[in-house]
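Morning, everyone. I'd like to walk you through one chain today. Please look at the sequence and the structure while I talk.

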Amino acid sequence: MSVNQAPIIQNVSSVLIAGGKSRRMGRDKRFLKVAGQSIFERTLKVLRAIFAETIVVLAEPIAALDVCGCRVVYDVIPNAGSLGGLYTGLMASSQPRVFAVACDMPFLSSDVIRFILSFDVQADVVVAELSGRFQALHALYSRRCVPVLKEMAERKDMRIQNLFLNEDLRISILREREIATIDSGFCSFQNINTPEDLASAEGAMPG
């Protein structure tokens, strides 16, 4: 079955976390363009083609952002960064699990996302580990993570990766060799943090 023929996913929502401060970039990453299209638009387009429900999580309203009719919610826990965005997305979702992704990944792969969703349907978290680092903002989470995330935020532990240490949650880790069967260069996980990252992404686009 081709990607275009693959069914729309109904039992998992997607959450686009788009409220970052973009400190290293020096300007709002949501409006940076790769191949003439903003990386926010590129990311949202992929998610809308896969999921019946896509939720955009923002820190505050921003009129210039085109969310293409998707539901927008705002951080329930202020100043909690991506962890707060994930918590907010899980709380807003109509489904028991969400695929959460940052808004600065210009090469999202539908095949990789569907593989993550199918890898362990009983897991509370399905996350890839690449070069020793967990890809926390390109991962699947269940609503059972909500109280853990809330407790972490209350004690100012904002590293989503520390969620994966919780023994009460079922954590499934995808290794490089498993991801490489679908995305050999791990392009789907590439994000844009610096002007150099942006130049590299632009250079990687087909001419």
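First, the ground rules. This is a predicted model, where local features need pLDDT of at least 70, side-chain atom pairs count only at pLDDT 80 or more, and totals for chains, interfaces and linings use all residues. Numbering runs from 1 along each chain as its sequence is written, and side-chain values use heavy atoms, with hydrogens and water left out.

Now the overall picture. The chain has six helices and 10 strands. Those are DSSP runs numbered from the N terminus: helices are H or I with at least four residues, strands are E with at least two. Of the 207 residues, 51% are buried. Buried means under 20% relative accessible area, exposed means over 50%, and partly exposed is in between, using a 1.4 Å probe and protein chains only. Then contacts, meaning heavy atoms within 4.5 Å. Take those between residues at least 6 apart in sequence: 70% of them join residues at least 24 apart.

Next, helix H3, residues 110-119. Which of its residues are buried? They are Ser-110, Val-112, Ile-113, Arg-114, Ile-116 and Leu-117. An α-helix has 3.6 residues a turn, so residues three or four places apart point the same way. What covers the buried residues of H3? The cover includes helix H1 (39-50) and strands E1 (12-17), E6 (97-102), E7 (125-130), E9 (138-142) and E10 (171-174). Look at the start of H3 too. There, a side-chain oxygen of Ser-109 comes within 3.3 Å of the backbone nitrogen of Asp-111.

Is His-138 buried or exposed? His-138 is buried, at a relative accessible area of 0%. The neighbours it touches include Val-112, Ile-113 and Ile-116, and also Phe-99, Met-105 and Phe-189. Its side chain also makes a polar contact of 2.9 Å with the side chain of Ser-188. A polar contact is a pair of N or O atoms within 3.5 Å; within protein, one must be able to donate a hydrogen and the other to accept it, and residues adjacent in sequence count only if both atoms are side-chain atoms.

On to the cores. A nonpolar core is a set of buried Ala, Val, Leu, Ile, Met, Phe, Trp, Tyr and Cys residues joined through side-chain atoms within 4.5 Å. The largest has 32 residues, and Phe-40, Phe-51, Phe-99 and Ile-113 touch the most other members. Two or more residues come from each of E1, H1, strand E4 (54-58), E6, H3 and E7. H1 gives the most, with five. A second, separate core has 31 residues, among them Val-73, Leu-86, Leu-137 and Leu-163.

Back to Phe-51. Leaving out residues up to four places away in sequence, Phe-51 touches Ile-8, Ile-9, Val-12, Ser-13, Ser-14, Phe-99, Ile-113 and Leu-117.

Ser-14 has another partner, Thr-54, and their side chains are joined by a polar contact of 2.6 Å. Thr-54 sits in strand E4. Thr-54 is buried, at 7% relative accessibility.

Now a pocket. Which residues line the second largest pocket? Gln-37, Arg-42, Thr-43, Lys-45, Val-46, Met-105, Pro-106, Phe-107, Leu-108, Ser-109 and Ser-110 do. H1 gives the most to this lining, with four residues.

Finally, some backbone angles. Most residues other than glycine have a negative phi, and most peptide bonds are trans. Cys-68 has a positive phi of about 55°. Cys-68 lies in the loop between E4 and strand E5 (71-74), and is partly exposed at 36% relative accessible area. Asn-79 also has a positive phi, near 60°. Asn-79 is in the loop between E5 and helix H2 (81-92), and is exposed at 73%.

One last pair. Met-91, in helix H2, is 55 residues from Val-146 in sequence, yet 7.4 Å away in space, C-alpha to C-alpha. Met-91 counts as partly exposed, at 46% relative accessibility.

Definitions and conventions:
1 Å grid on protein atoms, 1.4 Å probe; cavity = no way out; pocket = protein on both sides within 12 Å on 5 of 7 lines; lining within 4 Å.
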